Every structure is written in C-alpha cells, then in structure tokens.
Amino acid sequence: MIQCSHCGTQNRDGSKFCSDCGARLVQQSGLVCPMCGEPNTVENVFCQKCGARLVPLTVAPAADRTPPPAPIKGLSLPVKPAEPTAPPVKAEPQPIEPPAPVAPIEPPKPAPAEASKSDDWLVRLRASSPEEDAPISAPSPETTASPSEESGDWLVQLRATQTEEQAAPPSISPQGIPPRPPADAFQVDEEDLPDWLRSPSAPVVQEPAPADKPPAWAAPPQAKAEQAPSAPTGEAPAWLTQLRAEAEQASTGQLAGSEDEIPDWLRDTGVATEPQPATPSAEEPAWFKPAAAEPQMSPPVPATEAEIPDWLMTLKPKTEEPAAPIAPFETLAPVEAAAPSQVVTPAPIVSPVQAAAPTEVTTPGEELLESLEAATAVPQPPTVEEPAWLKETPRPVSEEEDVPDWLRTPVGAAPVTAGEAVAEPSQVPDWIAALKPAEPAAPGIFDRGPVEAGGPLAGLRGVLPLASAIAEPHAPPRPAPPSPFKETASLFESILAAPVLAPAVPAAKPARRQLTMRPFIYVLMLLAVLLPFFVPDLSNASVRTFGTRAADFYEKIQALQPNSIVVLSFDYDPGGAGEMDLQANVLVRHLMKKGARIVAISTMDPTGAQIAQRVLDDAARATGNYTYGTNYLNLGFIAGQEAGLNQLAVAGFAPATTSDYVRRETLDKYPNFLNIQNWRNVALLIELAGAPEPLQKWIEQVQPRAGVKIAAGVSAAVEPRALTYLKTNQLIALSSGFLGAAQYEALSGQRGLAMINAGAQSTAQLVLIGLIIAGNLVYWFSRGRGKAK
Amino acid sequence: MTTDPIGIWVGAILTLLVFSYLLGDTPLFRLAQAIFVGVTIGYAATAAVYLVLLPMLFDQLLVNPVLIIPLILGLLLLTKLRASWPSVGNISIAFLFGVGGALALGGALGGTLLPQLAATIVPLDSLENIMLVLGTIGALLSFRFMRPQQPRVATRALELIGRGWGYVGRWFVLVAFGALFAGTAVSRVSILVNRVYFLLHDWIQVVR
C-alpha cells in the first residue's frame, strides 16, 4: 500500500495517483508507518523505527471478538500477508472430503466486512438446510414470507439507495424486477466507494460480445461445457452444484429470452460462467495481493481452516454432524476450534468455470450478492448499460490466478446467472426465501459498526473493513523546531511577559538662552569698517610699497613704450568688482598716463565687457585725452573658453570678423588697432582675474602659444594660485587684492578708492584676525572642558 | 563710480536687502537674490546674442558658409531641452566636451604641470628653495595612502621616512589652505568695505 503524503489515504501498490485527492504518489516498496512515516517491508508487523503496529488488527474469532472500531470510509488498509499455508486443494470432481488440518492463519481482513454484507438469514442458510451435504431441493414452506420480509435489511437499504438516486421511479418489469438504474447513478456513488470495493466489482470488458449472441455464462449447460471444457462441474461439491443447478434452472427460462439484452458488465460479473480463461477479470484488491502473491498458494492443497472465513464455514456441509442449531454469525465457533474432521472447507471447491477461466475476483460479500441475483435469474432491461467506471477498471489476469480458491468458493457455490443488480425482495427465489429463518437471531457481527450514510452502501452496517485506530491516516509528523528557535521564542516570550517599564527620560533642562556670537561679530565688523571713514587717524593709513610685488608690477608698466598695445582682460563679474575695480582703475589710469593703446576684452563672463567699458570710460574721463576707438578699444566678450583663447592665441584678432563692443564695427575700422592681430605687437597682457580659472586658462592656452608677456592683477583669494605662476616666470608681474591696489596707488601717486578704503580694510582685517584668535581660544578651552567632563 | 541717482538708489536698496541676510534668510534677501540672478541671466543672454551670435555667426554666415556647422551644432543643443526629444544634441555635447577636454588637458600639461615641476628643480642654495623642495615633496607624500603589507627592512625605513616627510608636508598643505582662506577673507572684506563706502559716499554722501 502506498500512503498518500497529501491526504493520508492508503492506495494500492502501483498506483500513481491518490484515489482520494489525486495527488501523485511516491512509490514505496513496503509499508509506511502511519505514526512516524518510516517505510517498512511488507513482512513487518510492527514498525522497525517506532514500534507502532503496521498491520491493523483484524477481526478476532467469534469467541473473543470485540466490537471493531468504526470503519473508516474510503480507507483500504494494509494487511499483513498471510502466512504461507498449505496450497489450496485442487478442485476435484469427487465429493469433498474433510481437508487435513492445517495451521490456522489469520483470515484476510475484508472477509468479515464482506460477510457483513450478508444478512443473518443468509448466514443461517446452512441452518435452514437439514443436511449440508444433501442437495437443496425445495424451499420450505414455512420460510415463505412477504417480499419485504424476505429481503434483509441490507437489501432493502441498498435498493432504497438505488431508487433514491434515480430521478424517476423505477419501472417494474414484467418479471417484477425494476430496471437497473442508469450508469450515472453508480457513477456518482463510485467515488465514495473504497478501493477494495471498487476493484472487485469492476468488470473489464475484454471482448464485448455481440448483442445478438447470448453470453457465454448464460448459455445452456451444454454450451458452457463446450466453451469451457476444462472446467469440470464435478469439482464443486455436490451440495453447491445442486444449489447452483437449481438456481440456473429457475433462471434459465428468463435468461433465454433476454440474453442478448444483458449488458457486458453483467456478463463479466458471471465469475463462474466466464468462458474465456485469458480474460483478465476485475482488479485484485490490495488486500488480496499478499496472499495472492504467495507462491505457496499455487499447489492444489486444501485450504486450511484458518483460511476459511467464518461465514463460509457456516455454509460448509457437515458430513458427520447433523444440522446444528442455528446460531448467530458472531457466535459461530472459529474455524480453528472446529475439529478438522468435522469441517469441510469450501476452499478446495473450485467451480469448473473458475478453474478453467479465472476471470474475476470478487469479494465474498459481493459474490454472495451476485449469487443472489443470479438466483433470481431475471434479465436486466435492455436499457441498462455498463457504467463507465466498470469499463475503466483493468483486470490483470495474472493477479486473478493468484486468488485463493477459498475466495472463489462462494462464487462457485452459488450459481451466478444474472447481473449484480440487487435483487428485489420479490426477486428472491422461493427456494432461497425458504431458507430464510422466520425470525432473525440475536444481533450479530453484521449489526455492529456504523451504518454507511451515503453511497451505494448506504444503510449497510459494517461493510467496510475493520480498521484499527493505529492504521488510520495521520498527518505527517511535524519536525520539531530546532533548539535555537526555541531559545529565541522563549526569549521573545520572556520579553513580552516582562512588565513594560517606562524609559527613564531625563528631565528636560530649562531652555537656557544660547549666547550666540554672530550679532556681536556683525556689529564689530560694521564698526571696524565704518569708524575709519569718520576717524581721520584711521583713514590715513600708510602703505608700504618698497619691495612689494606691486612695485614690480608698477615697474613693468612704467617700462612700456608709448603707444604700446596693452591688452586688458576683464575676467571678473560685478560681484567681485568691489575688489577688482580698485586694481583695474589704477592700472588703466597708469596705462593711460603712459600713453598705451588699451584693448579691453572679456573671456570668462559677458558682464566683463560692460565692466571694462565702465572702467575705461571712467579712466578716460579722468585722464581727459583718451578717446574710444583711438586710444582704447573694447572688443567685448570672446566666447569659447579654452577654445576661444586657443583660437585667439593661434589666429590673433581677425580684423574682418572681430567687432568692438561699443560701436559694433569690425576691427579694420580702427586703424590704430590693426596690428593687434599679431601677438608679437602686443607689449603686455594684463589679466584681471577675480577667480583662478581665467588666469590659468590664459597661461595655459595663450601664453605658451602666443609667447605674450602676462601680468595679472588678481583678487586676494586668487593670489596663492597666481603666485605659483609668478614663481615659474609665467607671470611677469602680479598684483593682488586691496593691498596691491593700494600699493600701486601709492607708487603711482594716485589717491583712489584703495587708499581711501585702506583704513577700513586694515581695521576690518585686524578685527577679523582678533575674532579668529578669540574663536580658537574659546574652542580650545571648551574642548578641554569637554574632555574634563 | 556712477552718478546716476536712480542707479545709486537701486544699488543702495539692493545692498541693504543683501545685508538683511545678517538677520536671517529674510524675504528681502530672497528678493534681492532673485533680482540679481535674473539680471545676471538676462544680461548674459543679451550679451551672448549681441556679442557672440550676431557679430561672430549670423553677420558672417553669408561670408563664411563654413559657419553653418557651428550653427547646426548649436541648434542641436536645443534638443536637450526635453529628455523625450531625440538625443541628437549629444553630438554637440560630445563635440564640446571633446574639444574642451583636449584643450584643457593639453594646456594643463604644458602650461601648469610641467612648468611647476620644472620650478621645483632648483638649487638648494637658499632656505626658500629648500623649503620649496621639502614642502612640495612633503605635500605629495602627505597624499600617499598606500603602504606595503609586508614591508622589508629597507622598505620599512623608507616607509618611516615617507610617513614623517608626509607629516611635514601636511603642514605645508595646511599653510597653503590657510593662505587661501586668508586671501578669501581679505577679498570679501574688501567687497564689504567697497559696499559701505558706496552707501556712505554715493548714497548717503556722508563721506567724501
């Protein structure tokens, strides 16, 4: 058996999908422990890992039988294979002799379940016959009763289930038998059938016989003998043969006219009359396999008493004892308890047809049911067709051959001549009804167990195999969580269980007003700038000029020849004009004083052209003899950054394309400046840079290519960078910031803004130095206090 | 030095608006900032049209048809206004970056790096030259962040020397940074003094 890992349903070996949930099954070679999931071999009774019982407890003998647990619907449990027993007795035509005593074996589990299908009156069939070994001749008149009383409870309930599933009320055939319900009715119920019930009852239509031909099993005895010559009828005991003959005799007349109307599935159910030996019969149930697979079963040795189910033992004809009083089924003594000499087991009884053609294996209960139906010999209405579920069920032939004979015996004992439809009470022949006792005995084993609530077995009690609780499907055991998780979980639980303590929030300190220095710095700097303008002593600050860079710059300008072309590049924006204008003013005025031709350009910012024009105009007005276009020219903004400067260094000022900033005329309109297209005619290039980038670009792009001398008047912030070029002689002169402008004014004798603002500048710088020192001291002491804390 | 009263008043008011930043990021400062940015952009755009495009491109386009190439490249740059537009403007960007990078690299190599390296090769006959060499090498060593994992004896000695020299060079770097900061501070103080003088001399006219 294969236990479905999804739903736990036990499935037959070889199944690929679960019969309950459809999940794919994992093939296993042995039994899976329902407790721990450990696979065990089929020989194991207890789990080799946990010791749980693998094989469910079967029905105990009647003596010590206890009420079985509630059967589980749809569950087919693994059964421990039967112990090797003596080979079944081969069918022999001579009368049955008491078999030799054999070791008792545990009967297959489904046997009692199948036995539960039969009613008490059927069980006591043996009791009703005066002599078991004598042929059953005629029904006793005292057993005739009304149809409702004749049929057992299980038949009534089964019929009720069938009739409920039919939409229309069953039409009564002329024979008094309602037509078989359509296949759909069984199709629905098939889903609820357990495996062990489906397989035996599922016939396989090997070769559908033509409709116009009577079925082989329904053929006359002569024809059957011709078709199955290898199945001697004499193999059956006399009392069973006679019983079947009577049944056939009772049904021959009806079957003769309706043989062609019998569906195939009914033909296949005729186990005893199957004409084709090679035709595979119903699939062997799972609980058959262990016993069927035993090779010891092949020798025709009479079956042991242990193999014989109780209900069959009750049917056994007693040769040495007179008819025993009718006893309840459950009170029957076990087979083992009976003396071997007094027991005639039906196991060696093999019907002739079975011996020749092992076609179908059915459960004893079903066989009994079939035998009853066969006894009625009522042909099925032509509208009955074989249900689909019967067609789809395979029947391996090989497995059929392994069915023990004792399981076939009941079939052979009861002649089967009709379909498996449940016989109506009225269908029960009189000779069988006569066997029914008038009053049922005490409740037996068939009254035990729960009543099936649905499906074709609705209303039946105890039809499912008894299952022990240990064999019930259990959910796969969940692996225990690893210990780290447990520790973490316990820690988390302890944290959650701990009382929540309010965090100790430090008391908020009273907001102390932060003493900021910013307003004081603003006020101090404002006073440092304002006071020199109102205090003459502070405004008349002297500037040292000797040995300064401004002095060198002044000498370079002073060395220029009159009418020398000097290019001034105004590369600063209005934001830096407050500082850079000081140098630009003093330089332009000095150049005008020297009579140089000034050409102003701007390369970094378009606003530089406007600044240049303003500075030149102011200087020209201050000088008085300088005119635009004649003495100075503004060529405006030269775009292109590095590319523009490179082009300017390579090609110079193109006269035809270069226009001035003020008049928008080309350079050739200004004859005094035509020669500036060659850098060699330019005496000096003064770069007024408010940022280091313009100065760097001029030195990198123009100075190496044009070879022009460059002097720079830069902002104080650019001075550190400009000094590097001055050190490398890439700059011939450098003046920076306010101090350079003041020095230059002092050198040139001009009192300009630089000298005027020198006092304020110096005072502001002193205050700034003092603030820096004070700030560092405060920081130093505050840091020390922080460390001390 | 302007003499336009309107210009003086506008300049004075804008200067006071900028000084309002001393009290915080006031709306007055934001107003002055927006005005300056707008005026600067407007002036730059106008200057670009009247100083670059008209005299250098459109006025000479008929004379020199080759200028159609920079015109097309300039028009392609307009496609960069929206990302969903075709990225053909990358051609102009590539051209600008390619030419600019090449010129900057070549200029930096020949105009700054090599002359500066040559300036450090000086005879150590004066304290200035010695300090120049020590400071330059020390500054370079201070930016060395690698060290051998398994130093040998010789390399360990060099490592110690380099580490110490780099420590000295770090002070040279600090001094250079200090000089830059001082120059920037002096430059900004000069601007402050110029603005105060403008207010006192041109606007209020309390200072001659």
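**From a proline to a sheet**

Author: Begin with contact, which means heavy atoms within 4.5 Å: not counting residues up to four places away in sequence, A:Pro692 touches A:Val718 and A:Arg721. This is a predicted model, in which local features need pLDDT of at least 70 and side-chain atom pairs count only at pLDDT 80 or more, while totals for chains, interfaces and linings use all residues. Side-chain values use heavy atoms, without hydrogens and water; residues are numbered from 1 along each chain as its sequence is written, and chains are lettered from A and ligands numbered from 1 in the order in which they are written.

Reader: In which helix does A:Pro692 lie, and how far is A:Pro692 from A:Glu719 in space?

Author: Helices (H or I, at least four residues) and strands (E, at least two) are DSSP runs, numbered from the N terminus, and A:Pro692 belongs to helix 26 of chain A, which covers residues 692–706. Although 27 residues separate A:Pro692 from A:Glu719 in sequence, their C-alpha atoms are 8.4 Å apart in space.

Reader: How should I describe the exposure of A:Pro692?

Author: Buried means under 20% relative accessible area, exposed over 50%, and partly exposed in between (1.4 Å probe, protein chains only). A:Pro692 has a relative accessible area of 21%, and is therefore partly exposed.

Reader: In what order do the strands of the open sheet in chain A stand, and which strands stand at its edges?

Author: Two strands pair if DSSP finds at least two bridges between them, and here six strands of chain A form an open sheet, with parallel pairing, in the order 7-6-5-8-9-10. Strand 7 (632–637) and strand 10 (733–736) of chain A each have a single partner strand, so each stands at an edge with one side left without a neighbour in the sheet.

Reader: How many bridges join strand 6 to strand 7 of chain A?

Author: Strand 6 of chain A (residues 597–602) runs parallel to strand 7 of chain A, and five bridges join them; in strand 7, A:Leu633 is the bridge partner of A:Val599, and A:Phe637 is that of A:Ser602. Strand 6 of chain A also pairs with strand 5 of chain A, in the parallel sense and over five bridges, and there A:Arg597 stands opposite A:Ile565.

Reader: Is strand 6 of chain A mostly covered or uncovered?

Author: Strand 6 of chain A is mostly covered, since six of its six residues are buried. From this strand A:Arg597, A:Val599 and A:Ile601 point one way, whereas A:Ile598, A:Ala600 and A:Ser602 point the other way, and all are buried.
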